[in-house]
Amino acid sequence: MEDRNISELRCGEQLAFLRREKQVTQEQLAQAVGVTNQAVSKWESGQSYPDITLLPRLAEYFQVTVDELLGVAGSQEMRNLYLGVKDLFRETAKEECFSLAFKLATLLHEGAVSGGYKGYLPWDEKTQYGLDKEPYK
C-alpha cells in the first residue's frame, strides 16, 4: 500500500456507503459487530475510526477486503467508483458541477438503456445531444 496520511482514509464514507448498500441501519450494524449506535455514527461522520481489531469483522460483515473497507483499494468495483465520483465533484469547481453532473447522468442513462453498452442504443450514437455545448441548463 502506498504511503497515506490517516486523514486520507475513506473508512467513514465507505462504511456509510456499504451499510446503505446492504440496507441495514446503524443500529443493526452496531449489533452485528458488538458496538454502540453512537460508535457507528462517529465512524461514518469521520469523528473516529473503528478499533483495528474490528476491521476483519466489519470486512467480513460487508464481504469486502479490509483495504476496500478503508477505501484504499484500487479496484473499480461499484463502491470504489462511488468514492471516485465523490472525489471528482469535490475537486471540480462549483460552477462546473452542474455540467459534470449532466454529462455523467447522460452517460449513465445511455449505459442503462443499452444494457451496459452491449450494442444497443435507442438513438443515434453519433449525435452529441448537447453534450458538446455549454451550458447544459
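Helix α6 spans residues 78–91 and includes V85; helices here are DSSP runs of H or I with at least four residues, numbered from the N terminus. The model is a predicted one, in which local features need pLDDT of at least 70 and side-chain atom pairs count only at pLDDT 80 or more, while totals for chains, interfaces and linings use all residues. Residues are numbered from 1 along each chain as its sequence is written, and side-chain values use heavy atoms, leaving out hydrogens and water.

V85 is partly exposed, at a relative accessible area of 32% (between the limits for buried, under 20%, and exposed, over 50%, with a 1.4 Å probe and protein chains only). Together with M78 and L81, V85 makes up a nonpolar surface patch of about 260 Å² accessible area. Such patches join nonpolar side chains within 5 Å, from residues with over 30% relative accessible area and no salt bridge.

Turning to helix α3, residues 37–45, the buried positions there are A39, V40, W43 and E44. Viewed down the axis of α3, these buried residues fall within an arc of 130°, so they line one face of the helix. Their cover includes α1 (11–22), α2 (26–33) and α4 (55–62), with contact meaning heavy atoms within 4.5 Å. Just after α3 comes G46, with a positive phi of about 85°.

A further buried residue is E68, with a relative accessible area of 7%, found in helix α5 (residues 66–70). A polar atom of the E68 side chain lies 2.9 Å from the backbone nitrogen of T65.

Notes. Patch = residues over 30% accessible without salt bridge, like charges linked within 9 Å, V, L, I, M, F, W, Y side chains within 5 Å. Areas by Shrake-Rupley, 256 points an atom, 1.4 Å probe, with all protein chains shown as cover. Salt bridge = Lys/Arg side-chain N within 4 Å of Asp/Glu carboxyl O. Helix = DSSP H or I, 4+ residues; strand = E, 2+ residues; numbered from the N terminus. Arc of directions from axis to C-beta. Polar contact = N/O pair within 3.5 Å; in protein donor to acceptor, adjacent residues only side chain to side chain.
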